Amino acid sequence: MFSQIRWRIALNFALLVTAVLGGLAYYLLRPACVGDSDCIGRGLLVGGAFLVTATVVLAVLVAERTTGPIRQLTKVIRRINNGELDAHMLPIRRDEIGTLILAFNGMMETLGERVTSLEESQRQLATVLAYMADGVLILDERGRVELINPAATRLLQTKSAQALNHRYAEVVRHHKLIELWQLCRDTGQEQLEAVEIGRELFVQVVFTPFQQQGARGYLVILQDLTQVRHLQTVRRDFISNLSHELRTPLASLRAVMDTLHDGALDDPPAAQRFLKRAAGEVDTMTQMVEELLELSRIESGRVPLRLKQTAVSDLVLPPLDRLSPQAQRADIDLRIDLPANLPLVLADSVRVQQVITNLVHNAIKFTPNGRITISAQLNHKKARGQVTISVADTGTGIANEDLPRIFERFYKSDRARTRGQGGTGLGLAIARHIVERHNGRIWVQSKEGKGSTFYFSLPIAAE
């Protein structure tokens, strides 16, 4: 294109200059060749040839000077089109073309700043969507997924490639979520509702319609409230269990007082028996209050740990010595399996002995005429770099539905309540917090009717 423009300029300029110079040469040669037409013709021919050649060369130079900057500008535009937004051209002339180049450079600087700002805003938005805890989806007017963030893929158990450009109903696969979107689409109003997805997930869903470039779309926000609901359940169960645990000793105390008031005071042996029973109920409530206060102090971090390098045997043997008579009365075989090469652990011996006492005491209660084995090992698969202590029994075991809540405060299985097993239901909760304060973890494996094994880990002391 620019070659054609260059040659057209050169041709027009050459014709113009040739015509002007030819007329000028004829005017100058005519007086010298008066009466000799051949002289005039030869002079015009030679001069014309020279003038045409010089004019063409001059015209080409003029055309090159005119179209050269335009070709350079075209190259710069192509580089910008390929993504080099910082490409620009130096203005080497002060004429109209130089002014054009300056205006072009100014336009590209402004455009570059706007593109950079848009890219930064897009990066910030992408970062927010990638790391926000709530799931976000954007649907088009037909209900196809145009955007989905990682939190939404996690909550819906899908992948971005399986969700983008697919229908919303194919992605969520839950009738209540589909019904809420249909209601939002039909009414054009925001919809908000809490939905339980399976047994493990509880979300609050917000559907918001919006208009974008004349087309309707839908913003879907999924807020994971599973933990909040779990805490509400724990709080409700805590109040219920606490009321239940207090009601029994209070009712017993009330019965003792009524009996004494009705004449048992006149019968010294009976009065002594009822007073002993009342003292036992008071001891139960006192233990419950003390364990609640201790659990509260441990949870709030007001109980400092006196950590020091300790042998595992020094943690295990003292509690077993205290509980051995109780195990013998229950006809339980109490065994110990501690390897000799176990490293020292960093622990508060008093607190860890409290954990072991609690676990072994529970094992004795739920293991009639059985066996309890206390062992320790290094580098358990769930606690590498730590020493894992386990308390295994051959008792009644724990039902599957009770396993997730076994370490909650006041939680007792239905079997334990039915059999009237003693205890406040706070021991395992205290044990869990003590172990976690040691940067360890505690867990249980059990099968109903086949016994249970409680594990907890402690960090190895630095040499």
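**Sheet, pocket and buried sites in the predicted model**

An open sheet of 5 strands is arranged in the order β2-β1-β5-β4-β3, with antiparallel pairing. From one strand to the next the twist averages 20°. Strands (E, at least two residues) and helices (H or I, at least four) are DSSP runs numbered from the N terminus, and two strands pair if DSSP finds at least two bridges between them. The model is predicted: local features need pLDDT of at least 70 and side-chain atom pairs count only at pLDDT 80 or more, whereas totals for chains, interfaces and linings use all residues. Residues are numbered from 1 along each chain as its sequence is written, and side-chain values use heavy atoms, with hydrogens and water left out.

β3 pairs with strand β4 (residues 201-212) in the antiparallel sense over 7 bridges. Within this pairing, Leu201 of β4 is the bridge partner of Ile197. Helix α7 (residues 175-187) lies across β1 (135-139), β3, β4 and β5 (215-224), and runs at about 170° to β3. Such angles, from 0 to 180 degrees, are taken between the N-to-C directions of axes, which are lines fitted to C-alpha atoms, for helices over the stretch in contact.

Gln223 is placed in strand β5. With a relative accessibility of 23%, Gln223 is partly exposed, a class that falls between buried (under 20% relative accessible area) and exposed (over 50%), using a 1.4 Å probe and protein chains only. Beyond its neighbours within four places in sequence, Gln223 contacts Asp134, Phe202, Val203 and Gln204, contact meaning heavy atoms within 4.5 Å. Phe202 is 21 residues from Gln223 in sequence, with a C-alpha to C-alpha distance of 8.6 Å. The side chains of Gln223 and Gln204 are joined by a polar contact of 2.7 Å. A polar contact is a pair of N or O atoms within 3.5 Å; within protein, one must be able to donate a hydrogen and the other to accept it, and residues adjacent in sequence count only if both atoms are side-chain atoms.

A polar contact of 2.7 Å also links the side chains of Ser390 and Ser375. Ser390 is located in strand β10 (residues 383-393) and is buried, at 8% relative accessibility. Apart from residues up to four places away in sequence, Ser390 touches Thr373, Ile374, Ser375, Thr453, Phe454 and Tyr455.

Helix α13 (residues 427-437) contains Val435. The helix is mostly covered, with 8 of its 11 residues buried; among them are Leu428, Ile430, Ile434 and Val435. Val435 has a relative accessible area of 2% and is therefore buried. Residues up to four places away in sequence aside, Val435 touches Val355, Gly440, Arg441, Ile442, Phe456 and Ser457. Val435 and Leu458 are separated by 23 residues in sequence and by 7.4 Å between C-alpha atoms. Asn439, which follows α13, has a positive phi near 65°.

The second largest pocket holds about 630 Å³ of space. Its lining comprises 16 residues, of which Arg199, Glu200, His230, Pro404 and Arg405 lie nearest the centre. β4 and α8 (226-261) each supply at least two lining residues, and the largest share, 6 residues, comes from α8. On a 1 Å grid over the protein atoms alone, a pocket is an open set of points where a 1.4 Å probe fits, with protein on both sides within 12 Å along at least five of seven lines; lining residues have an atom within 4 Å of a point. Grid points are joined across faces, edges and corners, and the volume is the space filled by probe spheres set on the points.
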